Amino acid sequence: MDPGYRRVRYVRYADDFLIGTISDKAYAIQLKSEISKFLSDNLHLRLNDEKTIITNAKQDKAKFLGFHISKHPSSSIKIEMDVESLIRKLHQNGMCNEHGRPIGVAKLLPLPVNEIIKYGNQVLRGLLHSPQGCHNYYKGWRIQYIIHYSIAKTLARKFDISMKLHL
């Protein structure tokens, strides 16, 4: 209940980072400004103003690495996969259409089979790296489905065979 009490925690993954504070909004704005100045002056980097936002976790969700992070009413942190964002990434990489339907990846056709499969596994691990703590972990099935069928369609196209089952 001390009005001067502040807590700051951060997490970083590659060039993305999330900073959580227990403080007032004025301190969060000051902290953002100091970080921006440090990055600019010392590292010659700049913050992306569109992505660098201050969010009240009790009222809104923060977006971080394909996840939505918010404060649950029970005072715990709630983490959810942003499945729509992940599907957009798969679309940008040519693994599905804009509606999330898997398609073959033409740029992979010249590669050997093991490299095509390796690529699919890398994408799958990259997008579903550690969602076990998510409240909606079960929704990851959609991402896995798109990647598996995209790789299967790529291989079928490479060998000019049908995806139909012949029983």
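Predicted model: local features only at pLDDT ≥ 70, side-chain atom pairs only at ≥ 80, totals over all residues.
Figure 1. Helix α2 itself spans residues 83-92. Its buried residues are Val-83, Ser-85, Leu-86, Ile-87 and Leu-90. Just after α2 comes Gly-94, with a positive phi of about 80 degrees.

Figure 2. Ring pairs join Trp-141, Tyr-145 and Tyr-149 into a cluster. The structure holds two aromatic pairs. In one of them, Trp-141 and Tyr-145 are tilted, with 6.5 Å centre to centre and 55 degrees between the planes. Both residues sit in α4, four residues apart, about one turn of the helix. Tyr-145 also pairs with Tyr-149: this pair is tilted too, at 4.8 Å centre to centre and 40 degrees between the planes. Tyr-145 and Tyr-149 are likewise separated by about one helical turn, because they are four residues apart in α4. An α-helix has 3.6 residues a turn, so residues three or four places apart point the same way.

Figure 3. How exposed is Trp-141? Its relative accessible area is 53%, so Trp-141 counts as exposed; the cut-off is over 50%. Tyr-145 has 33% relative accessibility and is therefore partly exposed. Tyr-149 is partly exposed as well, with a relative accessible area of 39%.

**Figure 4. Nonpolar surface patch on β1 and β2.** Val-8, Tyr-10, Phe-17 and Ile-19 make a nonpolar surface patch of about 390 Å². Strands β1 (7-13) and β2 (16-22) each supply at least two residues of this patch. Val-8 lies in β1. With a relative accessible area of 37%, Val-8 is partly exposed. Patch membership requires over 30% relative accessible area, a cut-off that Val-8 passes at 37%.

**Figure 5. The whole chain as context for the close-ups.** Four helices and five strands make up the secondary structure of the chain. From the N terminus on, the elements run β-β-α-β-β-β-α-α-α. The radius of gyration is 21 Å, well over the 15 Å that the globule rule gives for 167 residues, so the chain is more spread out than a compact globule. The C-alpha trace spans about 70 × 40 × 25 Å along its principal axes. Of the 167 residues, 28% count as buried. The accessible surface comes to about 12300 Å², and carbon and sulfur atoms hold 54% of that surface. Among contacts with a separation of 6 or more, 50% are between residues 24 or more positions apart.

Definitions and conventions: Residues numbered from 1 in each chain as written. Heavy atoms only, no water. Patch = residues over 30% accessible without salt bridge, like charges linked within 9 Å, V, L, I, M, F, W, Y side chains within 5 Å. Areas by Shrake-Rupley, 256 points an atom, 1.4 Å probe, with all protein chains shown as cover. Salt bridge = Lys/Arg side-chain N within 4 Å of Asp/Glu carboxyl O. Buried < 20%, exposed > 50% of the residue type's maximum accessible area, 1.4 Å probe, protein only. Rg over C-alpha atoms; globule rule 2.2 N^0.38 Å. Contact = heavy atoms within 4.5 Å. Phe/Tyr/Trp six-rings, centres within 6.5 Å; stacked < 30°, edge-to-face > 60°.
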